[in-house]
Amino acid sequence: MSYNSHALLIIDVQESFRHRDYYQEHYLPDFIDNIQKLITAAKQEGIKLVQIFHTEPEGVFSKSSGFVKTLSPITITPDLVIEKTRHSAFAGTALDIWLKENGINELTICGIRTEQCCETTTRHASDIGYKVNYVTDATLTFDMQHPDDSSLSADQIKHRTETVLSKRFATIRSLDDAISHFGD
């Protein structure tokens, strides 16, 4: 694989989430370790880094909040920064154009939230012709309450996301497998 044909999409890894009522700190340490390893390995292999921020007109996702910045202590030196207002990083942005202009046809997805913007971007990317790798170990989500008062743990949500994406929209890769794949 030519390094020019691959990009790592780092989706919504931003301080905004620390200020939501559903935020759960106990999931953060493993996520931070895993995503930083993935980012560092991608950079070392010459993989393009695309940092994507979710923005909204008001609240903690507004640029004026000061929270639309990289989640601390993660460090990223992106090749491109995209701001989006929808779940898919492709909807209403120039992402697809930039990827095509740079000859990129394979994407690796990581970021926040597993079942929302990461999954939606994965499906969209697959639908428009990209080969997609999904690194669940480098995604973050939180426990969720169902309307019937039952709940799903973050691990259950991740399992569900892998189930629906696998062999349809993406190749599910462990952190180590994804890093190894960068060198292919």
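**View 1. Elements around the largest pocket.** Three elements, α1 (28-44), β5 (131-140) and α4 (154-165), each supply at least two residues of the lining of the largest pocket. Helices (H or I, at least four residues) and strands (E, at least two) are DSSP runs, numbered from the N terminus. α1 gives the largest share of this lining, 4 residues. This is a predicted model, in which local features need pLDDT of at least 70 and side-chain atom pairs count only at pLDDT 80 or more, while totals for chains, interfaces and linings use all residues. Residues are numbered from 1 along each chain as its sequence is written, and side-chain values use heavy atoms, with hydrogens and water left out.

**View 2. Residues and space of the largest pocket.** The lining has 13 residues, and Y27, D30, F31, D155 and K158 lie nearest the pocket centre. By class, the lining holds 5 nonpolar, 4 polar and 4 charged residues.

**View 3. The largest nonpolar core.** A nonpolar core is a set of buried (under 20% relative accessible area, 1.4 Å probe, protein chains only) Ala, Val, Leu, Ile, Met, Phe, Trp, Tyr and Cys residues joined through side-chain atoms within 4.5 Å. The largest one has 29 residues, and L8, I10, F31, I35, L38 and I74 have the most contacts inside it. β1 (6-11), α1, β4 (106-112), β5 and α5 (175-182) each supply at least two residues of this core. The most, 8 residues, come from α1.

**View 4. I35 and the second core.** Leaving aside residues up to four places away in sequence, I35 touches (heavy atoms within 4.5 Å) I10, V13, I74, C110, G111 and A138. A second, separate core has 24 residues, among them L9, L80, A89 and C117.

How values were computed:
1 Å grid on protein atoms, 1.4 Å probe; cavity = no way out; pocket = protein on both sides within 12 Å on 5 of 7 lines; lining within 4 Å. Nonpolar A, V, L, I, M, F, W, Y, C, P; charged D, E, K, R; others polar. Buried < 20%, exposed > 50% of the residue type's maximum accessible area, 1.4 Å probe, protein only.
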